[in-house]
Amino acid sequence: MHDWVIRGGTVIDGTGRAARTADVAIEGDRIQAVGRLGPARRETDADGLLVTPGFVDVHTHYDAQVTWDPELTPSSRHGVTTVVMGNCGVGFAPAAPDRHEWLIGLMEGVEDIPGAAMHEGIEWQWESFEGYLDALEGRARAIDFGAYLPHAPLRAYVMRDRSLDEEATAEDIEAMAALVRRGLAAGAMGFSTSRTLLHKSIDGEPVPGTFAASEELFGLGRELGKAGRGVFQMAIQHEDLLNELTWARALADETGRPVMFNLSQVDHAPDLWRDAVEVLDAAEREGAPLFAQVAGRAIGIVMSFHLTAHPFALKPSFLQIMHDGPEEKQRALRNPDLQRKLLTEEAMPLGEFETFVTTSFDKMFPMGESFDYEPAPELSVAARAEREGRAPAEVALEYLLADDSHGQLYFPLFNYSNGALDHLHVLHQHDRTLMGLSDAGAHCGAICDGGMPTFMLTHWTRDRSRGPKLPLERVIQRQTRDTARHFGLLDRGVIAPGMKADVNVIDYPRLGVGPAEVVYDLPAGGRRLLQRAHGYRATIKSGELIVDRDAPTGALPGGLLRAGRKPATS
């Protein structure tokens with residue numbers, strides 16, 4: 001007799017094969033059998049439901065949150081059973097004792113995680129990257145998590161103040177390479193770096209490593225080749241994309257390890273992604289392990305008076321109440337005099353990027369309960385203002401003042417230059433792209449994409465109305481087997497005997513994401529955006545039920561993943 005059988009579900013096994021009706025038996029933390037199975041001590045009726053592998057999200061920033069949040073929300077609520085953190089070259093190890101505050105400021109600036117929450121939530125029990133993993137080893141979590149060794153703290157640890165603006169010497173590179181060797185031996189999932197000028201510390205300084213020379217990048221990347229494992233991940237500088245991809249391709253050729261760059265459509269060059277595809281095509285033909293990581297939707301800023309960005313964020317009258325609590329801010333915004341000032345005052349002068357985000361009304365769309373993340377251009381603030389003969393700022397203010405100043409606007413920063421997601425439809429069919437860029441755990445006051453695994457199933461396979469959809473089997477494969485195998489996690493991502501019992505049971509017609517909510521549940525009352533899911537009848541991690549009808553059960557079967565080793569809880 002089987003221990004637990006999920007009975008009669010529509011199994012989409014993660015391999016890309018067509019869906020089929022089957023039973024799935026679980027014994028301990030493994031899948032025991034798939035097919036028409038006999039009786040069991042415990043049964044889950046999955047008739048009419050999808051049965052899929054647990055999702056593997058390879059682009060998260062839980063490096064701080066993992067130290068205080070056992071559930072790793074929102075990921076564990078969106079069918080995710082494994083995450084990789086430490087992306088884009090930022091993290092918290094190695095960490096010299098006098099650099100803790102600096103590392104927090106770096107993460108606050110790059111990933112918009114409240115500094116006060118990190119100051120209160122992180123208990124510094126490490127200095128080395130190996131010590132960081134050791135400190136996480138015994139912490140039971142709802143899901144499994146692994147970590148890159150990030151470039152910025154590594155460079156700062158070795159080069160100290162020189163890390164910000166000096167080129168690494170041969171001695172610096174060797175010292176950093178030695179730490180990469182140790183980190184990989186301890187179980188790092190790879191090495192990450194950032195090249196984009198958008199990534200800056202809370203003080204406005206570019207991330208250490210942004211301008212690193214090729215000698216440094218190759219000196220560190222070669223350690224992955226020597227170890228025979230790990231992924232080299234980078235946030236690319238799109239303004240210099242082809243030059244960046246030249247050295248990235250060379251590094252992939254030399255090391256034989258996957259080199260993965262973040263790829264988005266950018267407004268200043270909306271067809272640049274096609275050039276990247278040509279580079280990927282050549283890499284595929286010639287067997288070079290070069291890959292692009294792409295999002296499932298626009299990298300969208302959620303605008304609100306209670307969040308980081310909105311059209312009035314630089315107005316002097318708003319700056320006076322910016323740091324007020326939510327209730328005080330609400331009261332102030334009810335004042336007609338303040339509302340008039342927001343429309344008539346000149347904004348404080350800031351950079352080109354801030355001006356672009358706060359004044360591009362053609363890229364602002366009102367959000368509601370059931371928001372379509374592929375909004376038509378005629379729904380923008382600018383389009384409505386033109387139809388009604390009003391100033392765009394007046395229309396934007398009306399939207400933001402709705403719901404007692406909790407109204408929201410959506411600003412698709414990347415991946416929406418043409419007012420549609422057609423290019424993502426192309427990219428998600430390319431074998432050299434990987435599903436990613438959810439940024440779960442980060443951008444707490446601006447971006448709410450941690451629920452992207454759920455969005456992929458709803459928008460791309462069921463709900464899209466402005467273009468062709470994607471096959472359900474392919475979308476599930478892309479965020480289960482494909483993401484797992486990319487990191488050598490060969491024990492998960494597929495519904496098959498002997499595989500890790502990481503399973504979702506999904507009410508597909510009901511599946512969806514809720515509105516972006518502003519909550520204050522981080523340490524020190526820190527703010528973040530949260531998007532809840534509905535339609536997960538069950539999420540099972542290592543044979544234990546962690547989500548039951550969209551609600552967490554409190555079970556914590558997950559833990560640290562070390563590359564080349566079994567999870568600590570196995």
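Select the charged side chains first: the chain has 57 positive and 82 negative ones, and the centres of the two sets lie 6 Å apart. Lys and Arg count as positive, Asp and Glu as negative, while His and the chain ends are not counted. Each charge is placed at NZ of Lys, CZ of Arg, CG of Asp or CD of Glu.

The model is predicted: local features need pLDDT of at least 70, side-chain atom pairs count only at pLDDT 80 or more, and totals for chains, interfaces and linings use all residues. Residues are numbered from 1 along each chain as its sequence is written, and side-chain values use heavy atoms, with hydrogens and water left out.

Of its 570 residues, 62% count as buried (under 20% relative accessible area, with a 1.4 Å probe and protein chains only).

Switch to a cartoon to see 18 helices and 23 strands; these are DSSP runs, of at least four residues (H or I) for helices and at least two (E) for strands, numbered from the N terminus.

Now select residues 241-255, helix α7, and find E244 in it. Is E244 buried or exposed? E244 counts as buried because its relative accessibility is 4%.

Finally, select M234, I236 and Q237, which along with R195 are in contact with E244 when its neighbours within four places in sequence are left aside; contact means heavy atoms within 4.5 Å.

Terms used:
Buried < 20%, exposed > 50% of the residue type's maximum accessible area, 1.4 Å probe, protein only.
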